[in-house]
Structure formats: structure tokens, C-alpha cells
Amino acid sequence: MNENELSGNELSGSEQLCLEIKKAYPEFRMEVALQVNRGEIFSLVGPSGCGKTTLLRLIAGLEQPDHGVIILDGREITNLPPAQRRVGLVFQDYALFPHLTVAGNIEYGLKVQHLPAPARRQRLAELLALFSLEGLAHRQIQHLSGGEKQRVALARALAPKPLLLLLDEPFSALDYSLRQRLRQELKKLQAKLGFTAIFVTHQQEEALSFGGRLGVMENGRLVQTGTAEEVYENPATPFVAGFLGEANLLPCSVEEGEGRARVRLEGDGCFELPLQEDLPPGTYLLMVRPEDLSPGPVLAWRVTGKIETLEYLGSGYRLEVRCGAGVIRAFIAKKYRNLREGDQITLGFDPRQIRLFPVSPQNSSGPSVPVDNSPGI
Amino acid sequence: MKSGNRVKDGNYDDVRSRVFARARGEKRPPAGGLIRACREHSRPHAREKWHADRNPVYLLLLLLFYLPVLSLLVKVFFGAGFWQELTGFLRSKLFWNTLSFSCRQALYSAGFSLLLALPGAYFFGRFAFPGKRLLRSAMVLPFMLPGILVVLGMVVFYGNNGVLNHWLTLLFPDRGWRFTGLYGFWGIILAHVFYNFTFCLRLTGEAWERINPTLHEASALLGAGPFYTWRRITLPLMAPTLLYLFLLVFLYSFFSFTVVLVLGGYLYKTFEVLIYIEYSSRLRFARAALIAIVQLLLLAGLLYLQALSGRRRRREGLFAGTLPALKFRDYPGRTILFLFYLVFTGFFFFSPLAAVVARSFFSRGLSGGLPVLENYRLLLTDGFRFAVGRSFLSVITTSTGLAVTVSVVAVSLAYYLARLRRDRPWGKADLWLQLPLGVSFVTFSSGLFMLAGKVLPSVVLILWAQLFLAFPLIYSMLRTARRELGEPLLEAAALLGATPARILQTVELPLMRPALSTAAAYAAAFSLGDLAAVLMLGRGRVVTLSVAIYRLIGHYRFPQAIALGTIFILISLLLFLLMEGRSRPRLQDIFPRPEEAEEE
């Protein structure tokens, strides 16, 4: 294996990407500040049309920002043409050259670099071996499967040793099992070669699975960045909470009284918390994840309601319970198999697992407030 | 598996279509209901075969199309001294001169047409801009223009006493600059490029548009510059289209008739012109037939090459996304270049036609003074009758009568067959109806004259020939349109209780009207523009607009020719608007691609 060759200085991740750019589009205004650390896969996640691909195109130089700066490996590349940026891009539809063979596609960038023929052949052989494409070198692109095309696209993008690899939803056209397998392969490859990459996806599962840092985009803005765990557990806005995983967002109000804050859940009673400076009285959205709800009156914070729908998921059940504050979704264990639709159920939750998002008339997605760990009840 | 056996495997699609076919009142429905239909259906294509191969209309058309060619072949091959004649001709200087000239002018015509089209194709293929659709539609216009009108426009604008030379004298009085090459090699090429470059532009633009822009982006990100990307990515992907078009234009120019007949004089001849001269001027019918056979063989070879290149076009991409808008703010350099290109090509393309129209309003064909209708008045004088041999009214009546008849007959027959074969893929039966495209019109006309010249009146012979000329394209258009219409709407109407006649009247014909109008307009345009058949089969007695202009040019009566040409332009424009108002013509219908033909 010649991955040492591949993971030379250019790919080993001594660089990092820093950018702060603004660009106005008819649909939205992009305003992003981002830093990608060397040797990491940074996942960029967000709903369709939020500007993920556009951000990649701006980094690649396929579009120009109105204002701002992009620095790659300590060098400003904001005004450089794409050909001079040393950025690799794996397109969503792969954009493989249909008139060239697998080998022709992979060595295209090497030919552009005027690499001598022996060196080019050697590198081609390395890449073919690395991506298990040896037997397909002379095959036409239209005769490849989806997974093979994806591997060729990745090999082609890595061939000229880019400083940054951009992956624009590269698995979106593949079926579920192949997607999972290729995701694992990509992780292993990145661990071997240590390249820096930005992986764009609209699937939360994909973004979380890489385990590295991720950023959530909404309407052209990066609303939160952090490790997968940080973002999942402490979403900055109701949008992030709802986009990464499922979240119950229940309207509530916080009142002050006798040294404690009182959280009043509409129609479902009142819970008390120690007073916090960043929890002023007002209207909030209470966020609790469905998996953090459990049946039974054991926990002090609880809501009671009627089961409207009950779905068997194999690993457990998914419930929709109508309570005073609205419909609450919950994932519960298999042992509650006796439950039926129409039954009354009490769902309890730990106040340490909840988030409170202040609601203001202008902006309903303000920063969330973590609740003090001491229940105070 | 053939569709006829599907019922055995539980697929009811075809049975359903049979049942609905009966509901639509087609002939010979399977008696005995669904079960009988199923049983009948297990016999592969029994009914369809009858439809395709034994239908009297289909057989009659094959007879009409192929009998004249066959009679020509028989007459030549079984004539006395055929081989001596053939070898003598193939060794003659005339053959080699004609072949050499035909090849050279066709090469130049094809090369220049593509060269002129490529810059425009870039803008059409890579950008969106206001009026793009309209411009694309207008690119069909040259195809609608009769050859003689193009020649007239060329003479009026680029001729020795044409507008261009008039301008050159006015602008550079001391330099003595004049363009005198119209009546010769370069004039023929100029006319061919005028004729062909717009559809080259349209097809190359469409091919460029189908290439996914991400391929260019991928190439740029891999470090390639624009020229390298063009050379390694764009050009190879467009090469099949370019080759296809090159051969197509080569083919058209190689067998050019009207342009070479008028502009070539005695010096330059294509095989088409040679056949016509042998046939009409020297009355050597056997010799004309022999040359026609040689040309038929040459044409078969070229068509084979062209079909091969058409097959390769499959490799192109299928991108159908949104293109960036060509705005001065975003692409200042390219916007200016595009505007320059539009002005240049617009000048090249519209000036000759505009010159014809403008000059028709000035006495003696020269601009100056106030516009008058003198030239149009001359159309009604004896001078016109003397030069043309018929009165103006007679010319108009004959032309429109022929055009309407050809249009009605061709469209009716083509639609009848298209409807009959609506649920069949393109197959051999369709190919037989398309093959007349591969026979030169002069060859067909000479064959037809030998077959029935002494029996049938000239008008009938001309109608026969023009039907042969128009049918392949008309059939191709209607066949595609009828197949695309599909059956669900008609089935819905049948289920709602509509009778077959009512379905035809209220659903099918209204939906097919755009295609029918377009087909009718094309058929009329072909008939109006035809010069060869009327010259060869009319025996001087039938005079159409094209022939009238040809004779007026021959008699140097340019004022009348220009006035008549303007009327002709107006008619062509009306036909074009009729097509555009109804539907957008598909270029693949005009130039059917060989890969669309599938084996049955």
C-alpha cells in the first residue's frame, strides 16, 4: 500500500481552512464564518436549499463571494480561479467524464499537472489499488455501478493531492446499505491518509456518524458548530434541535417566585428550577428528546395524556401522546408492549435533559438556555 | 420477450390496449371479449404485422416511392452496353471534375458552416438569455426558405450589382472594392453556408447544452484551464454531433441542385445538376439514368457514414438543468462578444432577405427615391408572361394548388399510418418510409418520368414527386407526435362513453392539431420550394413560384423576380408563423437521427 505517498505533506492536514464570506442570492443571503481544522472531516448539515452546496462552490472558487476572505493552508485563495486552489470536489452526481475510462478520469488531474508518464502511471496504480478499482481501469464510466462511480470520483479528486477535499452529498444517489458501507470506507480512508475534508449532507444520521465536528446551516447561515455530541445534546436553536434528531418543542412560560424559577407547561402543570440569571421570566419553548421520555410516574417532571398513535419500530415503540401542551413524541422500550392506542399514559423526564428556548415576537429561534442540573424539586 | 406473449406471464397491459382499441372502434377487433383477446394476443404481433406490412395504404406508398427508382435501375442495368457506358463515364474527365468539385465545395460548405456555428453554440449551450427560444425557433426558417429564394437573396445582396457592392462603392469610392465571386465556387459555398449554418448552430448549441456543466467545473478543480477543458472535455463530447453535422451539411451540399444550377454556370456542376442537364438540355435519358445510379451509390456510402456518426451521438450527456443568465454585469466580455456575434450573423443571414424585400419597393430594383409598387405592377404585365410563360395569377394558383394538395395528401396519409403504428416502436416498416430521404430528388424525378412520363399528366407527376419529397419528414413528425400523445386520455374518453368518432373529434385531433399544422406547413413549404421536380416533370407547362423566379433570373428581369421573391418570403413567413403559433418544431423531426430507429 502506498498511502504514505498519498498522505504526503499536502494531504496530511498541516493546513486548515478559515473563511468569512458574504454573498447575496435572490433566495437568501449567505453569511458564513467557518474554520476547519487540519486532518478532520467537518460535516456540514442542513435542509435542502439552505446553502450547503453553495458554500462548497464558494470555497472551490466556482462562485465568488461578494465580500470576505477564504484562507487555505495559510494562503488567501479568495480570488484565485478554481484551477489554482488545490481543492478537490466530489460532486453529488460525481461529474465523471463520460468519454474517458476509469483510468482516464483518475489521471486527468495528473495530466493537467504535466506529471511525467512514469510517475503518473505509478500514482494511477496506487489509487486504483487503494480504491480497489484495479480490474476496472479500462472500463467506460457508463458501465460502472453507483458505488464504483463514487470510488472513481473520490480517487479522481484525491489524485492531484488537494489541500482540501469537498464532498457534496456523495452518497445521496446510493441505496441505504451501500451508503453505510461507503461511509465506513471513507472514514477508514481519511484515518489512513489524514486529509482534511468538508462533507456536505442533508441527512442527520450521516453527519452524526463521522463523529467529528459538524456545522448546521439554515438559510445561508451556520447556526451552530461543534462536535456531534455537543450539537445534539445542546442545540442552539429550536431549528437545530428539530433538524438533528427528533425533538418535542412544547410552549411554556417561566415565572419567578420565592427564589426559584417556575416553568409552567401549558395544561400540564408546573415545575420548579433554581433561579438562573440567563433564565428571565418570559415565554419559552421547552425541548425534550423523545428518547428522554419514559413511562411511569417515577420522575417528578411528567406529563399525562392519551396515546394517539403507537408504532412498532423493532427496537421499541414510537408514541404520539396528546397532552395539554400538545402532541408529544416518545420512544419507549419493548417491555411496554401492553400499551394500546387510546390508553392514558404518564411520561416523565429528567430536567437535566431539557432545553429552554426563549420565544420573542420577532425571533422565535433565539439561543437556548441550558437548565441548571439541580432539579430543585 | 415480445410483448405479444406478455399475457401468459400475467401482464395485462397489452390486453388492456386491445380492449381499449376496440372501444375506439378500430377495425377487426378481437371478437369474443377479453378471453379471446388474450388468446389472440398470445400470437406474436399477428394483427400488428398486418397493420405494418400489409396495409394497403402502406403498400401503395412503398409502391409510389420505390417503383420509379426500381424502374430506373432496371432500365439502366438491363439497357444495352451498360457496363461500357458505366466504365466510360467513370473514366471520363466529366465524372472526376464533377466529383472533385462536389467534394471540395461540400467540404468547404460543411467546414465553414460549423466554424460559423461554433461560437454561437457556446453562448446557446452555456447561457440563458432573453429571446433564446425565439432565436432557436427562427433557426428553422432557412429550412423553410425555397432554394431559389436563397439564390435570389444572394444575387440581390452579394451579386455584381448587389447591395453589398453598392455599399462598398459608397463607403470606399476610391478603393474600387467589389465582391465579384458570387457566380462561382465561393458564391456557391456562401449560399450553402447561408442555408446550413443556422441548423448547425441550433444542433451544436443543443449538444453543448446537454453537457453537464459540472464536468467543466470538475476539470477546472483538477487544475485544467478553459482551453484544456475545451480540448479534452467539451470537444470530445461534442465530436459525434460535429461529425454528424459535418456529414449532413456535406451531404446536402454534395447533392445541391438549385444553388449550383443558378450560381454554378457551365463551369460548376454537382451530379444533380449534371443529371438535369443530360435529361433536360441534351435529352440523353439513358446517360442521365446512368449518372443517377452512380449518384445513388455515392449517396448510399455517405448516408452510411452519416448513420454511423449519428449512432455515436448517443454518448452525449443528458443535462437539462438551469443555465446561468448571460448578463453584462456578470459576464461583460462574453456579453459583448455575443452581441457582436448576433449582429454579424444577423447581418449575414437577414441582409439578403431584407435586401430582396427592400429593393422590391424601388423602381428598377435600385434604392433611391420614394418607395413605389412599380415592380409589383410589372408582375401583371405581358413582360412577366413573356419571361415566365404564364400569368402571375396562374403561377400563384398553380403553386398554392400544388402546395395545398401535397399538404393535405401527405398529412392525411402520414397521420393515418402514424395512428396505425402508434403503439409500436420505430421499426423496419418505418424505416422503409424514411428511406426516400436517401434518394436524390432529381434521381427520383428522372425515374418517375421514365416510368410514367408518357402516361400521366405533368401535374400528377409533380404531385407524386412532391409527395415523395415531403412524406418522410411529415411521417416522422406525426409518428413521433402521435406516439407521444399516448393512450390514457383517449382511454379516459372511451370510459366516459365517447364514441370513436367523438374521441377523434374532441380529444385526439385537438391535441394533435399543433403537430398536424406544423406538418402541413412543412409539406406546403416543400412543395412551394421545389424546383427540380417542376422543371423535370412539368415539361415547361407547369410554372410555380420557384420556376417563375428561376426564369425571371434567367431573363435578367430582376425587378419582377424581386417582387415575386418578396411575395414568396411573405408566404414562407406565414407558413413559419403557422408552425410557430401551433407548436415548436423539433429539429430531430427535420433531421431524424438513425439511432431513433429500433429493430422490431
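Reply: A residue is called buried if 20 or more other C-beta atoms lie within 10 Å of its own, exposed if 12 or fewer, and partly exposed in between, with C-beta atoms placed from the backbone. This is a predicted model, in which local features need pLDDT of at least 70 and side-chain atom pairs count only at pLDDT 80 or more, while totals for chains, interfaces and linings use all residues. Residues are numbered from 1 along each chain as its sequence is written, and chains are lettered from A and ligands numbered from 1 in the order in which they are written.

Me: Is A:Leu313 buried or exposed, and why?

Reply: A:Leu313 is exposed because 10 other C-beta atoms lie within 10 Å. Helices (H or I, at least four residues) and strands (E, at least two) are DSSP runs, numbered from the N terminus, and A:Leu313 sits in the loop between strand E16 (301–312) and strand E17 (317–323) of chain A.

Me: In what order do the strands of the open sheet in chain A run?

Reply: Strands of a sheet pair through backbone hydrogen bonds, either parallel or antiparallel; two strands count as paired if DSSP finds at least two bridges between them. Here an open sheet of 5 strands has the order E15-E19-E16-E17-E18 in chain A, with antiparallel pairing. Its edge strands, each pairing on one side only, are strand E15 (294–295) and strand E18 (326–332) of chain A. E15(A) pairs with strand E19 (residues 344–349) of chain A over 2 bridges in the antiparallel sense, and A:Pro295 stands opposite A:Leu347 in E19(A).
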